[in-house]
Each structure stands twice: as structure tokens, then as C-alpha cells.
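Please read the numbered points with the sequence and the model at hand.

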Amino acid sequence: ALMDAGDYKAAVMLCAPLKSVKDNPVLWDSADVLYRLGRACSKLATTLLIKAGETKKLDRCRQYREMCEVFLKRGAELEPDNPRCATALAYRYYSNVHELMRPGERRDQDLEEQIKLAHEWLSRSLEIYPQSVRNHYRKGKLIIEKQAPHLLFGKRAYGTREAELLREIREVGEEHLSTAIALYEALEDEEDKARDRREYAKALYVLGGYYLDDAYLPVHEYFLRRIAGREDMPPVAIISKLDIESAIELLEKAFHAETDMPLSQLDTAQLAQLNKQWTRSPVEKLYKLGCAESAAAFIALTEGDSDALARHARAAVRYLQTAKAVADQSRDRRRNTWHISEKLAWTHIYTGQYDRAARLLSRAKAGYIVNTYAIALLLTNTASSLRRAEEALSAAVRDGHNLASGLSGVLWAYVRARRGQDTPQIGKTLSARNRRLAALLGVQAKPCPCQ
């Protein structure tokens with residue numbers, strides 16, 4: 001009853017002191033008791049919103065975390081054919097990974113070890129009960145959103161072997177997410193569906209986002225060629241087209257998994273009220289879906305399919321504008337919506353509405369958004385638009401916080417040349433991709449020191 005009421009502290013106090021549970025055979029030999037104690041300790045070990053410097057609170061959580069492991073490991077020993085203790089322990093390790101990777105929070109455990117333990121216990125749980133929607137989802141999410149980024153960005157050295165390993169583990173994550181979705185869609189019992197509906201919605205969102213991020217679209221290459229007056233436009237790979245098709249299908253399902261509202265009749269006020277109730281907010285889901293439809297619009301543009309371009313662009317604009325509107329109406333607005341405006345601007349660029357795209361971003365400060373603003377102005381191609389592009393890029397290249405400064409420098413050099421001014425030589429630190437973009441515009445870069 002205490003567990004059901006969420007009073008986890010009272011639940012563990014029934015067996016206090018916890019370190020003496022081992023000495024009581026009635027408790028230590030009962031899988032039921034150990035499972036409940038382990039879950040209660042896991043809940044009390046959660047460090048959400050506890051900052052790295054709050055040592056007393058973190059130490060208290062550490063003690064509960066350690067007791068959670070003790071109880072659930074013992075429970076798993078007592079009932080090797082029941083997945084509940086293994087699942088609960090896997091979730092504790094899975095939660096540890098999330099906590100260790102959150103900015104500003106605790107760093108008191110080894111991240112790689114916790115990833116390994118989460119995988120180990122998720123695998124044990126799935127060996128006992130392979131039909132678990134939750135565990136397939138958690139294993140897939142762990143790989144796609146935690147392990148893969150850690151491998152990509154957390155290593156000092158990144159070479160061919162690391163690239164192969166990254167591809168292999170991402171494919172495993174994809175398989176687990178796909179399995180979670182397939183298992184849920186095969187359920188017939190309504191109670192089972194209700195129990196796993198949230199994990200189903202989350203699996204759809206993560207996998208849809210995975211396909212969206214995995215698709216390579218040569219957007220900058222395409223439009224810089226157009227700016228330079230070239231006609232040799234880059235093609236979009238077949239695999240990227242398939243990725244975007246899959247992303248749209250999955251993200252539409254992710255939206256419908258939490259509402260009966262038709263995507264063609266979005267109610268901004270109602271969605272704003274649901275912002276904290278969904279597994280991922282309506283803003284996030286509509287933004288991702290808008291990004292996928294925008295990507296489909298770009299693909300249609302490269303293929304010369306005007307009907308598909310118009311259809312996908314309309315959908316993208318509808319989803320992105322609604323996402324912005326819902327964010328504006330939501331009480332808890334933790335982040336700005338410039339990223340949504342930037343994607344909306346690109347959609348307008350795809351349909352040739354360059355001035356509209358530029359107006360949307362005219363007050364942007366972030367470097368990557370200023371670059372999009374400048375591209376829209378360069379495509380507008382008037383004396384006034386070139387002047388405004390130079391002004392914006394001049395500020396962007398001097399911005400020490402601009403993470404897209406390489407492309408800002410390339411565009412700035414190009415627009416200065418277009419306006420008959422001295423052209424600065426681009427620095428040696430330019431990435432290989434930005435060097436290719438510079439070459440498309442005829443901008444000279446300093447030789448790379450690695451050559």
C-alpha cells in the first residue's frame with residue numbers, strides 16, 4: 001500500500017536498518033520483500049534536479065542506490081525465472097546513465113561501467129521474458145541516445161574501428177526499438193496495451209528521430225551551388241529517402257499514440273494543456289514531425305516533383321507553426337523557439353520564398369541561424385539583401401560563441417567578394433566539409449596544416 005501511494009521512505013523504514021536485512025531470513029529469503037525494497041530504494045536514489053555540489057543529498061542517494069543493488073541482485077538469485085528483479089535492477093543502471101549524462105548533475109560513478117551494467121541486466125531480463133516492450137525500448141534508447149553519443153563525442157580518439165563499432169551498436173539499438181513497437185502493435189489485451197502505451201509512444205519517437213537524424217541531405221551543398229549559379233545539383237541517396245519516409249510514418253504514430261486529434265486539425269489550446277502529460281511534449285513531437293516533412297520537401301525539390309514539394313512543405317509549415325504556437329501558450333517555456341523558426345525558414349527556402357524566410361530570422365543571434373538567414377538573403381540576390389547578409393555575417397564571425405563560425409566565415413568571404421570588397425582568407429581550422437562549401441563558392445581557404 002505504501003509503494004502504491006508513492007511513500008517510498010515509509011516503505012523502507014518498515015525494514016530499517018536496511019543493512020541488517022541480510023541478517024533476517026524472513027526478509028532476505030523473500031523475493032517479494034526484496035523486490036519491493038529494491039524498487040523503493042531505487043526511487044529514493046533518484047538524483048533528478050540535485051546539483052553536483054549538493055554532497056549531503058547525493059551521499060544519501062548513493063546509499064539508497066547501493067542498497068537497491070544489494071536487494072535486487074539477491075531477489076534475482078532467488079527467482080532466476082522471474083524477470084521482475086532483473087528488470088528493476090536494469091532500470092536502476094539505466095537511470096544511472098541518464099543521471100550521469102545530465103548537465104550539471106552528479107558525476108560520482110563511471111559512465112562506461114553503468115552503461116555496461118545496464119546492458120547486462122536488460123539482456124538478462126529479455127532472456128527471461130523476450131516479449132517485454134519496456135525492456136526492448138529501454139535497451140534501444142540506451143544505445144541510440146546514450147551509448148552511441150558517448151562513443152562519438154566522449155572518446156579522445158575516433159577512427160575506423162570506432163566508426164564500425166558505432167554503426168554496429170546503432171543497428172542493434174534500431175532492432176530493439178523496432179521490436180518494442182512490433183510487440184506492442186501485436187498486443188490484443190487492452191490492459192496490456194494500457195500498461196505499455198507510454199513505452200510504445202517513446203519508442204516511436206526515438207526511432208523516428210533516429211531515422212530523421214540518420215538521413216544525410218545535402219541542403220547546404222544544393223543551395224550554395226544555386227547561389228554560385230551552378231546547375232550540377234547533388235542527388236539525395238536512396239537510403240536517406242527511405243529514412244525520411246520511415247521517420248514520417250513513425251513520428252505520425254508517435255503523435256497518435258497519445259491523442260485522437262487529427263494532424264489535419266491541430267488544436268493549439270488543447271495541445272498546450274497536454275504539454276506536461278505526454279511522454280514527449282506536443283512541441284517536441286510536432287517539431288520533429290515538421291523537420292521530417294521539411295526534409296521530404298527538400299527531397300521533392302531535388303527530384304523536380306512540384307506536387308510533392310508543395311504537399312510536404314504545407315505539412316511542415318503546419319506542424320512547425322503549431323509547435324511554436326503551443327510553446328508560446330504553454331506555462332512552462334524552458335527554451336526559446338528559434339530552432340523551430342530556423343527549420344520553418346528552410347521550408348520557405350525550399351519553396352522559393354526567400355524573403356519570407358529572411359524576415360522570419362532577421363533578429364536571430366545564434367550562429368547557425370544567422371547562416372540560414374544569410375543564405376536566404378543571398379538567394380534573394382538584391383543589393384539590399386547582400387548588404388544585410390554582410391552585416392549579419394560580420395557580427396557572426398566575431399561571435400566567440402558561434403559554433404557554426406566556419407560556415408559563417410565562408411559566407412562572409414563570399415558576400416564581401418560579391419560586393420567588390422576585400423576578401424579575407426579563411427582560417428586553417430576550417431573543417432573538410434566547410435572547405436568543400438568554400439570551393440563551391442570560389443572562396444579561398446588557407447591550406448590545411450594536416451596536408
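**Points on the predicted model**

1. Neighbours within four places in sequence being set aside, F71 touches L18, V21, W28, L34, L37, G38 and C41.

2. F71 also belongs to the largest nonpolar core, which has 138 residues; F71, F223, F298, Y350 and L411 are the members that touch the most others. Helix 13 (residues 282-303) supplies the largest share of this core, with 13 residues. Another core, of 5 residues, lies apart from it and includes I143, A148, L151 and L166. As a general remark, nonpolar side chains tend to be buried together in soluble globular proteins.

3. I238 has its place in helix 11, which runs over residues 238-256. With a relative accessible area of 57%, I238 is exposed, because the value is over 50%. Together with I239 and L242, I238 forms a nonpolar patch on the surface, and the accessible area of the three is about 310 Å².

4. S240 also lies in helix 11. Is S240 buried or exposed? Its relative accessibility is 4%, so S240 counts as buried, the cut-off being under 20%. Beyond its neighbours within four places in sequence, S240 is in contact with A215, Y216, L217 and I299. The C-alpha atoms of S240 and V97 are separated by 30 Å, and these two residues stand 143 residues apart along the chain.

5. The model holds 32 salt bridges by the rule applied. In general terms, side chains of opposite charge can pair when their charged atoms come close. One of the salt bridges joins K253 and E185, with the closest N and O atoms 2.9 Å apart. K253 lies in helix 11 and E185 in helix 8 (residues 160-185), so this pair ties together parts that are 68 residues apart in sequence. K253 is partly exposed at a relative accessible area of 29%, and E185 is partly exposed at 40%.

6. A second salt bridge to inspect is that of R134 with D196, where the closest N and O atoms are 3.4 Å apart. R134 belongs to helix 7 (residues 133-153) and D196 to helix 9 (residues 190-214); the pair links distant parts of the chain, 62 residues apart. R134 counts as partly exposed, with a relative accessibility of 32%, whereas D196 is buried, with a relative accessible area of 4%.

7. Which residue besides R134 meets D196 in a salt bridge? The side chain of R195 does, at 3.0 Å from N to O. R195 is partly exposed, its relative accessible area being 40%. R134, D192, R195, D196, E199 and K202 are linked in a network of salt bridges.

8. Helix 18 (residues 383-398) passes a simple check of length. Its 16 residues should span 22 Å at 1.5 Å a residue, and the C-alpha atoms at its ends are 23 Å apart, which agrees. The buried residues of helix 18 are S385, L386, A389, E390, A392, L393, S394 and A396. These residues pack against helix 17 (367-380) and helix 19 (405-418).

9. T372 is placed in helix 17. Its relative accessible area is 1%, so T372 is buried. With neighbours within four places in sequence left aside, T372 is in contact with E342, W346, I349 and L361.

10. Most residues other than glycine have a negative phi, and most peptide bonds are trans. The peptide bond from A16 to P17 is cis, with omega near -5 degrees, and P17 is found in the loop between helix 1 (8-13) and helix 2 (25-28). L49, in the loop between helix 3 (31-44) and helix 4 (55-78), has a positive phi, near 75 degrees. L49 counts as exposed at 66% relative accessibility.

11. N381 has a positive phi too, near 60 degrees. This residue lies in the loop between helix 17 and helix 18. N381 is partly exposed, with a relative accessible area of 44%.

Terms used. Residues numbered from 1 in each chain as written. Predicted model: local features only at pLDDT ≥ 70, side-chain atom pairs only at ≥ 80, totals over all residues. Heavy atoms only, no water. Helix = DSSP H or I, 4+ residues; strand = E, 2+ residues; numbered from the N terminus. Expected span 1.5 Å × (residues − 1). Buried < 20%, exposed > 50% of the residue type's maximum accessible area, 1.4 Å probe, protein only. Contact = heavy atoms within 4.5 Å. Core = buried A, V, L, I, M, F, W, Y, C linked by side-chain atoms within 4.5 Å. Patch = residues over 30% accessible without salt bridge, like charges linked within 9 Å, V, L, I, M, F, W, Y side chains within 5 Å. Areas by Shrake-Rupley, 256 points an atom, 1.4 Å probe, with all protein chains shown as cover. Salt bridge = Lys/Arg side-chain N within 4 Å of Asp/Glu carboxyl O.
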